[in-house]
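Hi everyone, thanks for coming. Let me put today's structure up on the screen, and then we'll walk through it together.

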Amino acid sequence: FVIELAGLLHDIGKVYVADEIINKHSKIDDAEFKEIQKHPAGSAKLLEKLNGFATIKEMAANHHEKWNGNGYPRGLKGEAIPLEGRIVALADVFDALGSDRCYKQAWPLDQVLALIRAEKGEHFDPQLVDLMLANLEKFLEIREQYKDIYIGAH
């Protein structure tokens, strides 16, 4: 239940980002990306006001951190990134790449998996990538089940 809620709420901080950026149908520029980078902190800010949402707040706050330390907002590295954030990071990219967005077509599954394999140990926790690949059918079922729920862009 917690992971399901986190999947729905992790990007809620995008309410702080201008609609022109969120709904842009083309590549965003550097200044727009800096605005987008504020959404994990915005999500955490909104979720911390809700009692019992500490785990979801951690997921939202850390889902753009990268295993190699090159993510945002805090540049956390490896296991310093809370497990919740590492889980949502992988699930979020899997879903975003494999789904249509206003600014792009869905990637074919083989390309999504190739990127995830290439980013194992860089963007993503290597153990989580292995778990995802070992349970790929379940991931595909979940993505299909929730395909119409995505909120926002970029």
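So, let's start with a question: among contacts in the protein chain between residues at least 6 apart in sequence, what percentage join residues at least 24 apart? It's 57%, where contact means heavy atoms within 4.5 Å.

Before going on, a word on where this comes from. This is a predicted model, where local features need pLDDT of at least 70, side-chain atom pairs count only at pLDDT 80 or more, and totals for chains, interfaces and linings use all residues. Residues are numbered from 1 along each chain as its sequence is written, and side-chain values use heavy atoms, with hydrogens and water left out.

That pLDDT is the predictor's confidence in each residue, from 0 to 100. The chain's mean is 86, and 92% of its residues reach 70 or more. Among the elements, helix H1 (residues 2–9) has the lowest mean, 69, while helix H7 (residues 109–118) has the highest, 98.

Now the overall picture. We've got nine helices and zero strands; these are DSSP runs numbered from the N terminus, with helices being H or I and at least four residues, and strands being E and at least two. The radius of gyration is 15 Å, close to the 15 Å that the globule rule gives for 154 residues, so the chain is as compact as a globular protein of that length. For the record, that radius is taken over C-alpha atoms, and the rule is 2.2 Å times the number of residues to the power 0.38. The C-alpha trace spans about 35 × 35 × 30 Å along its principal axes.

How many of the 154 residues are buried, as a percentage? The figure is 40%, with buried meaning under 20% relative accessible area, exposed over 50%, and partly exposed in between, using a 1.4 Å probe and protein chains only.

On to the inside. A nonpolar core here is a set of buried Ala, Val, Leu, Ile, Met, Phe, Trp, Tyr and Cys residues joined through side-chain atoms within 4.5 Å. The largest one has 13 residues, and Leu90, Phe94, Ile116, Phe124, Met132 and Leu136 have the most contacts inside it. Helices H6 (83–98), H7, H8 (126–134) and H9 (136–145) each supply at least two of its residues. H6 gives the largest share, four residues. There's also a second, separate core of six residues, including Val17, Ile21, Ile22 and Tyr72.

Tyr72 turns up again, by the way: a cis peptide bond joins Tyr72 and Pro73, with omega at about 15°. Pro73 sits in the loop between H5 and H6.

Let's stay with H6 for a moment. Its 16 residues should span 22 Å at 1.5 Å a residue, and its end C-alpha atoms are 23 Å apart, which agrees. The expected span is 1.5 Å times one less than the number of residues.

Buried or exposed? Asp92 is buried, at 14% relative accessible area. Not counting residues up to four places away in sequence, Asp92 touches His10, Asp11, His63 and His64. Asp92 and His10 are 82 residues apart along the chain, yet their C-alpha atoms are separated by 9.2 Å.

His10 also shows up beside Ala60, a residue of helix H5 (residues 54–62). Ala60 is buried, with a relative accessible area of 0%. Leaving aside neighbours within four places in sequence, Ala60 is in contact with His10, Pro40, Ser43 and Leu47.
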